[in-house]
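Please keep the sequence and the structure in view while reading.

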Amino acid sequence: MTRDQLKDYIGSKYASLMTPLDTGRFDPMFEVKADRLFEVSRALRDDENLKLDFLCNMHATDTRENFEIVYSIASITTKLRLDFKIVMPYQNAEIDSVQEVWPAANWYEREMWELFGINVKNHGNLKRFLLPDDWNQGHPMRKDWDAPDFVRMPEIQ
Amino acid sequence: MGLIKKLPYYSEKIPGGAIVLTSLEATLQFAQAKSLWYLLFGTACCAIELMCTGASRYDFDRLGMIFRASPRQSDLILAAGTITKKMAPRLRRLYDQMAEPRYVIAMGGCTVKGGPFYYDSYAVEKGIDHIVPVDIYIPGCPPRPESLMEGCLHLSEKIRRQKLSDWQEK
Amino acid sequence: MSAVRTEEFMVNMGPHHPSTHGVCRLLLTMDGEKVIKIEPYIGYLHRSIEKICENRTYHQCIPILDRFEYVTAMSCNYVFSLAAEKLAQIEVPERAEYLRVIMLELNRIASHLIFFGTTAMDLGALTPFLYALREREYIMDLFEMTCGQRLTYNYIRIGGVSRDIPAEFVPKCREAIKIIDQKVDEYMALLNGNPIWQKRTIGVGYLSPELAVAYGVSGPILRASGVDFDIRRDDPYSIYDRFDFEIPVRPNGDVFDRYMLRLDEIKQSVRIISQALDGLPEGEIKAKVPLKFKPPAGEVYSRIENSRGEMGVYILSDGTEKPVRVKTRGGSYNHLQVLPEFATDILIADLVAIFASFDIIMPEVDR
Ligand code: SF4
């Protein structure tokens, strides 16, 4: 399947779950509603023609208005690749864990919780791991994060 | 340590003691300067250069520098690599576990002053001299093996100039 | 044996431990010599590279990403440039593509040599370490000749490479890969027949292919478990589809296979390099990329195969000079995640062997 065929395939089969976005510059990009996340991940992994069983990457982005959580997935057998994202408001950000589908999501979700303060439901092991144990200055990857001893790069003119 | 520190005091009282002291001093300094065993404390990129220096082409061993895995057997910490805020207490603990006299070489920009890139990082310690006293600074990102060896030679120079009576706990 | 009452106890391994390759801390729950639970603690090298990249322009990001995976810094340069090129749809000149492939493969060899040396050292053999680093110096010389640095190169830039290779590069490179190709056979002869080496590696640390895929394990470790997947062939980037090379795959998934697979890969990299040197065209080495590089708004995830598996960079751009978000993905992050799964009746000495065979490097995990 080429990239365009993949786009069409998903457009026809999962139209109600995944909306294509045109921001993806290389691989197809879709948007998924937060409450359908688990359903979508299951379907993508178990679909006979897709078999997207490999979670390449997963991360959160702070766009100053809301959080975007991007899942980059691929397949070992069918060699396909696609991204989908969830857009959620800044307040009380919360997602479902997809560990049941891709166990690799464990640490990615933990990292998101730690650095962005996005709560992950049904994770089971949300413990601090990247930052020092006595860290008490909030979630440093947020754009508005600041700390007394944090030096900023001067603006480039 | 205690005995050696008191040596100058006692030996000056006996006739000819100063001569013994001088030769003892020279022997000790020679022994120390020529067999600096360093603790393998590589955290980041500089550790790879440290490995290269220890291996075949540059051959650290000919300066009498042999790596040790335990702080209790080493005279010197070669701090190679970024020290983050999370790692800093561990570095201090390793330093405290070493026997006197002990030395520290800061290898690479990160240990000298927080590195060439990490000034706006929230996690990097800006220089290890906040944590442990440093004897020699070697800048570079990473320093070449030659400059690392030069730094070590400077340290042995420094040790050879030390008097027994200078020895004191840092 | 069940009559003997045993008690569990905890052993702390790291963060400063000679065999953890950096600053990884493992909290082991032990029952006698057996490890029954492994808990990795990371973050001792968390330098917030991603946050720093948000405050830099695209060109300034490249030298920082050198430090993201310093053993194969060329591939970090490359994966970021690839992502930026995909964003802005930049065509890279032919000669630059060839130079990139040569550098990437040389760096893969250098990284596998370090793996070979340190793994053997962790298992108690010091000689291979000295041999491997001796051969690695040939490659370091080549890199120094081209970009002036031994470890952090900043050579591959957006749109091409930073400078052309000097005239003596090609003959020296041919010589170097010839030597390395011979030496790899020597390494195999040195270790493979050694009964101690065999006892410590064969059958130790089996990783099943299902588990590997589920945990996102990639690269040599995945292929040593019998899964035939390599991004160079299956999601081709650059000009890898023009070269004739094999992807070594091994079925057993133990420490020995992971070690052998990397030595096989060195041989394949040598093949790629010699083909690339033969086909090296003349011409431009860099596309015209403005200093104030502003890619159009959009997002892209690019991935390549480096010596530790899949390396990826995600960039979100809003059309300004600085990226909104840069996320780096390194193979070791997933490899360390799968380590707790091994805690079924292994000895602590085997854990060292498994850890070494994973070739984990901490900045990739902590970033
Ligand atoms: S000084 Fe440079 S090479 Fe050394 S640890 Fe710091 S960033 Fe890495």
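## Contact between chains A and C

In this predicted model, the contact between chain A and chain C draws on 51 residues from chain A and 50 residues from chain C. Together the two chains bury about 4,100 Å², of which 56% lies on carbon and sulfur atoms.

| Item between chain A and chain C | Value |
|---|---|
| Salt bridges | six salt bridges |
| Polar contacts (both residues at pLDDT 80 or more) | 14 residue pairs |

On the side of chain A that touches chain C, at least two residues come from each of β3 (54-62), β4 (66-74), β5 (81-89) and α3 (105-116), and β3(A) provides the largest share, with nine residues. By residue class, that side of chain A comprises 26 nonpolar, 10 polar and 15 charged residues. One salt bridge joins Glu111(A) to Lys327(C), with 3.9 Å between the closest N and O atoms.

In soluble globular proteins, nonpolar side chains tend to be buried together. The largest nonpolar core in the model contains 217 residues, and Met18(A), Leu44(A) and Phe84(A) have the most contacts inside it. Helix α4 (residues 94-122) of chain C gives the most to this core, namely 14 residues. Apart from this core lies another, of 21 residues, which includes Ile136(B), Leu148(B), Met149(B) and Leu155(B).

When neighbours within four places in sequence are left aside, the residues in contact with Met18(A) are Ile10(A), Phe30(A), Glu31(A), Val32(A), Val40(A), Leu44(A), Leu82(A) and Phe84(A).

Key
Residues numbered from 1 in each chain as written. Chains lettered and ligands numbered in written order. Predicted model: local features only at pLDDT ≥ 70, side-chain atom pairs only at ≥ 80, totals over all residues. Heavy atoms only, no water. Core = buried A, V, L, I, M, F, W, Y, C linked by side-chain atoms within 4.5 Å. Buried < 20%, exposed > 50% of the residue type's maximum accessible area, 1.4 Å probe, protein only. Helix = DSSP H or I, 4+ residues; strand = E, 2+ residues; numbered from the N terminus. Contact = heavy atoms within 4.5 Å. Buried area = accessible area lost by both parts, 1.4 Å probe. Salt bridge = Lys/Arg side-chain N within 4 Å of Asp/Glu carboxyl O. Polar contact = N/O pair within 3.5 Å; in protein donor to acceptor, adjacent residues only side chain to side chain. Nonpolar A, V, L, I, M, F, W, Y, C, P; charged D, E, K, R; others polar.
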